[in-house]
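Hi there,

Here is the structure I promised to send over.

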Amino acid sequence: MITVLAFLFTLAVLIVVHEYGHYRVAVACNVKVLRFSVGFGRVLLRRQRGDTEFVLSALPLGGYVKMLDEREGEVPSAERPRAFNNRPLWQRSSIVAAGPAANLLLAVLLYAASHWVGLVEPKAVLGAPVAGSLAERAGLSAGDWVRAVERDGGAPGDDAPRPVRSLSDLRWQLTEAALDGERLLLHVSDADGRGERRLRLPLDGIDTREVDGDLMRRIGLGGAYSEAVLGTLVVGGPAERAGLREGDRVLAVDGARIEDAARLRETIRASVADGAARPMSWQIERGGERLTLDVTPSLAQDGGQPIARIEAYVGAPPETVTVRYGVVDGLLEGASRTWEVSVLSLRMLGKMLIGEASLKNLSGPLTIADYAGQSAQLGVAYYLGFLALVSVSLGVLNLLPLPMLDGGHLMYHLFEGVTGRPVSDAWLDRLQRGGLAIMLAMMSLALYNDVARLLGLT
């Protein structure tokens with residue numbers, strides 16, 4: 001229920017703001033607005049205010065603002081000056097651009113509000129890197145705290161160290177560098193801030209087609225560092241039967257040192273031989289004393305694959321930091337993040353278009369609904385950040401030069417400004433048909449990706 005409500009609220013906010021941008025500028029330009037609709041199809045609610053009918057329709061996946069226009073019907077001579085098609089070109093362009101602009105402005109405010117509230121996020125202290133991965137070869141290890149990053153050989157001005165505020169901030173900067181095909185210098189110390197060193201992470205070797213949701217795994221970075229400490233044990237489970245207790249710190253398994261909880265969970269899951277869970281020798285620390293215990297996991301299935309389990313919570317909560325900004329800094333950070341996400345979105349779309357990025361990155365309503373529910377459960381600051389992200393995506397998408405989108409109409413206006421004449425009706429019809437086909441293809445692909453993710457096929 002939370003997911004559904006969060007999704008519907010997300011759609012309502014973003015659609016209303018987008019259409020209100022068109023509406024507000026149209027009214028300012030003395031264009032008569034006939035209808036302001038949230039949704040399509042059968043009208044559920046309607047209210048007349050002045051010249052405009054405000055309606056709520058049954059299908060909530062969009063909205064529109066209908067303006068007086070001689071191309072769509074006969075207009076009384078007294079009202080022709082208020083028709084959209086009779087307004088100066090700069091006014092028509094302003095009205096069209098106002099919808100995406102409203103979404104981008106909303107994103108700035110939402111990102112700022114999210115930072116004003118404050119985000120509690122994992123500190124950029126890394127868990128054990130995947131064996132043989134790019135991160136491990138770079139020299140990263142469990143417990144490393146990444147305090148800053150800098151571009152290695154980037155454009156002038158990009159080589160100044162940028163502080164890393166949290167683990168999500170680090171992931172964002174890694175994604176940007178991977179898309180740019182650049183190496184990063186990581187300023188790393190231990191969790192207490194001692195022993196600072198610089199490590200080179202050669203992200204220029206990553207194929208940009210692999211810059212997707214699995215990028216961090218390909219780099220070799222998992223979650224935040226979590227100590228290999230046992231939490232609650234299931235009564236009668238393998239861990240309790242072996243004599244393990246809550247609070248035990250695991251030092252080694254079968255002689256191999258355990259660096260963090262992620263490595264311990266990986267070791268446990270992999271302790272399967274010939275279809276059966278095999279016994280393991282654990283070295284643990286309990287109350288300052290070192291003990292050796294034999295642990296025999298139980299066998300379970302995960303995605304059709306046999307895995308071992310000890311039926312105990314593994315890992316201590318990761319260290320967190322609160323990322324919060326003041327009023328002015330929050331607005332500046334909101335503007336900066338909106339710009340960065342906009343540029344990243346355009347670059348990703350461009351790379352998908354020319355085959356340099358996977359089309360699996362295209363998401364649709366099911367993924368948006370899933371993330372809406374997850375972010376709402378995490379708290380208001382996370383939900384505000386999610387709203388901002390979707391608002392940026394909506395603004396950028398509508399500025400694409402595709403017929404049926406605001407960007408397509410702006411291209412028509414550009415043609416008119418350059419040639420001194422509007423696009424002919426015949427060409428408008430052809431372009432609208434082509435734009436509809438492209439939009440349907442994109443929507444179908446996005447929906448396919450959504451279903452594939454939910455079914456675990458990607």
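**Pro-122 and its surroundings**

Setting aside neighbours within four places in sequence, Pro-122 is in contact (heavy atoms within 4.5 Å) with Ser-166, Leu-167, Ala-224, Glu-319 and Thr-320. Pro-122 itself belongs to strand S3, residues 119-122. Because its relative accessibility is 32%, Pro-122 counts as partly exposed; that class lies between buried (under 20% relative accessible area) and exposed (over 50%), with a 1.4 Å probe and protein chains only.

Before you go further, please keep in mind that this is a predicted model, in which local features need pLDDT of at least 70, side-chain atom pairs count only at pLDDT 80 or more, and totals for chains, interfaces and linings use all residues. Residues are numbered from 1 along each chain as its sequence is written, and side-chain values use heavy atoms, with hydrogens and water left out.

**The chain as a whole**

The secondary structure comes to twelve helices and 18 strands; these are DSSP runs numbered from the N terminus, with helices (H or I) of at least four residues and strands (E) of at least two. Along the principal axes, the C-alpha atoms fill a box of roughly 95 × 50 × 40 Å. Of the 458 residues in the chain, 44% are buried. Among contacts between residues at least 6 apart in sequence, 63% join residues at least 24 apart. The chain exposes about 23,900 Å², and carbon and sulfur atoms supply 57% of that area, by the Shrake-Rupley method with a 1.4 Å probe.

**Helix H2 and its two partners**

Helix H1 (residues 2-28) packs against helix H2 (residues 89-117) at an angle of about 140°, with the axes 7 Å apart. That makes H1 oblique to H2. For the angle classes, under 35 degrees is roughly parallel, over 145 roughly antiparallel, 65 to 115 roughly perpendicular, and the rest oblique. Axes are lines fitted to C-alpha atoms, for helices over the stretch in contact, and angles run from 0 to 180 degrees between N-to-C directions. In this contact, residues of H1 including Val-13, Leu-14 and Val-17 meet residues of H2 including Ser-94, Ile-95 and Val-96. The contact of H1 with H2 divides into eleven nonpolar, six polar and no charged residues.

What about H2 and H10? Their axes come within 8 Å and cross at roughly 160°, and H2 and H10 are therefore roughly antiparallel to each other. By class, the contact of H2 with H10 has 16 nonpolar, six polar and no charged residues. (Ala, Val, Leu, Ile, Met, Phe, Trp, Tyr, Cys and Pro count as nonpolar, Asp, Glu, Lys and Arg as charged, and the others, Gly among them, as polar.) Pro-100, Asn-103 and Leu-106 are among the H2 residues that meet H10, and they are also among those that meet H1.

**Two backbone angles to check**

Most residues other than glycine have a negative phi. Glu-311 has a positive phi of about 60° although it is not a glycine, and its place is in the loop between strand S16 (305-309) and strand S17 (312-314). At 28% relative accessibility, Glu-311 is partly exposed. Met-404 also has a positive phi, near 85°, and lies in the loop between helix H10 (380-398) and helix H11 (406-419). Met-404 is partly exposed too, at 41% relative accessibility.

Best wishes
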